[in-house]
Amino acid sequence: MKYRSALMGAVLWFMGSLVAAVAADAPLPQIYLYPVKNLVAAKQCVARNDPSIMAPYAQLMEEAHKALLAKPESVMDKPLVAASGNKHDFFSYGPYWWPDPKKPDGLPYIKRDGHIYPKSKIGTDSVAFWHTCNNAQALAYAYYFTGREDYAKKAAEVIRVWFLNPETAMNPSANYGQAIPGLINGRGEGVIEMRQLTRIPDAIALIELSGAWTKDDRNAFRHWLEQYYDWLTHIKLSIDETSMENNHMSWRDVQLVQFSLVLGKADYARALLQQEMPRLLDMQVKSKGEQERELVRTDSLGYSLFNLEALFRLAILGDYVGVDYWKITAKDGGGLYAALDYLAPYTDPGNPWPENEVKPADRKRLLPLLAQAYAQNKDIRYKGLLDKFCGDGDNEYHWRLFWPYDAPRFASDQPKGATQPAATHP
């Protein structure tokens, strides 16, 4: 498949020149979604127009260009409102809950696991929040690669509108997330929607060196995040998510660990990882790699991928505090590699998934997991699957900027001393 547009392909060389022009010796940004050394190496590859990385770079820049033209969204835009009556409160519906056809008013709603009720995404904050976090991230990466201030300014605006401006800011909680009409005004399941929030500290770190993000902005967002962190760690609605023992628990842990690091609580993040990693694996990954709590779902492949994405994210975070998740195994032998090996054969769309699947999962979500694991152990099985199934049409294709398994010079191009930087705080 060719680059997404001829125009984008034509300007790639110019983009690379821009990247080369912005200092390679600039201070390393404090990011958490990818190892910072991978970010630095990706910038070097783009600067020299390395063909192995230019297609995903083009996709990222196209995404950033669209975000540059888009209107910033806020919680005030939604036509519906939470039970609190306050539009500043994040509000969403549980996606798998439908009107009861046996009731005149449909209340209370009933669950159809794996079947998304189309109206559940209309008029709430779910889609707008995803757009906000995705756009802020794309714009911030575009600024990092090009040094263009318009990207940084727009990223800062997007973040301010959703989180900081008094007229439009979201209250720092998810008390009214995943509501069920006729049953409950908000559930602990709302925490899982907040996983998108993990993109924002990285976006801020990438634009901090620009004039677009001020000291006042930094202090204001830190205060907002501290309030959300307090909600995440102390409010029963959030704490109840630990009883789920499935992907909900995993993604709550991702938030707890990352935000602990962002807020300068590295000792707590380390202790949490040391405690939670073995416990999660014991609960979730069996000796052959099967994730039993996800296999019972009607979309068992999609949910197995979803949980493994969280576990892999925790592995990245572990690197910041010296906890090697790759070496940890469950009591019966299950670990990250076992969980990946269980799913890896289904990278091939011709290999039928033997469990429940209401709708086909996007199997290309396995590719960044394979690339991340390959960076750890150089297993030729993983590279074989990557070589065979990677392509320009991948969703989230720009993951290959940061896990470019096929860039021959990528590993050797790590700058001396390019270890994870000391924590800086948004």
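I began with V46, which is buried at a relative accessible area of 0%. This is a predicted model, so I read everything below as a prediction. V46 sits in helix α3, residues 36-47.

**Confidence.** I looked up the pLDDT next, and the chain mean is 89, with 88% of residues at 70 or more. Residues 1-24 fall below 50, and in the model this stretch has 42 contacts beyond near neighbours in sequence. Residues 411-425 also stay under 50, with 31 contacts beyond four places in sequence. I am leaving both stretches out of my detailed notes.

**T198.** Which loop holds T198? I found T198 between α7 (190-193) and α8 (199-207). T198 has a relative accessible area of 1%, so I noted this residue as buried. Its side chain reaches the backbone oxygen of R195 at 2.7 Å. The T198 side chain also makes a polar contact with the side chain of R313, at 3.1 Å. Leaving aside neighbours within four places in sequence, I listed the contacts of T198 as L33, V254, Q255, Q258, F259 and R313.

**Cysteines.** How many disulfides does a search of the whole structure find? My search came back with zero.

I came across a cis peptide bond joining L107 and P108, with omega at about -10 degrees. P108 is in the loop between β2 (97-98) and β3 (110-111).
I also noted Q178, a non-glycine with a positive phi of about 60 degrees. Q178 belongs to strand β4, residues 176-179, and is buried at 7% relative accessibility.
E245 is not a glycine either, and its phi is positive at about 60 degrees. I placed E245 in the loop between α10 (236-239) and α11 (247-262), where E245 is partly exposed at 27%.

**Salt bridges.** I counted 19 salt bridges in the structure. I picked a few to look at.

- D113 and R297 meet through their side chains at 2.8 Å, N to O. D113 lies in the loop between β3 and α5 (126-146) and R297 in the loop between α13 (292-295) and α14 (300-318), so this pair ties together parts that are 184 residues apart in sequence. Both residues, D113 and R297, are buried.
- R279 and E276 form a salt bridge at 2.7 Å, N to O. Why are they about one helical turn apart? Because R279 and E276 are three residues apart in helix α12, residues 266-284. R279 is partly exposed at 35%, whereas E276 is buried at 5%.
- D379 pairs with R381, their closest N and O atoms being 2.6 Å apart. I looked up the accessibility of each: D379 is buried at 16%, while R381 is partly exposed at 48%. D341 joins D379 and R381 in a network of salt bridges.

Terms used
Residues numbered from 1 in each chain as written. Predicted model: local features only at pLDDT ≥ 70, side-chain atom pairs only at ≥ 80, totals over all residues. Heavy atoms only, no water. Helix = DSSP H or I, 4+ residues; strand = E, 2+ residues; numbered from the N terminus. Buried < 20%, exposed > 50% of the residue type's maximum accessible area, 1.4 Å probe, protein only. Polar contact = N/O pair within 3.5 Å; in protein donor to acceptor, adjacent residues only side chain to side chain. Contact = heavy atoms within 4.5 Å. Disulfide = S-S within 2.5 Å. pLDDT = per-residue confidence, 0-100. Salt bridge = Lys/Arg side-chain N within 4 Å of Asp/Glu carboxyl O.
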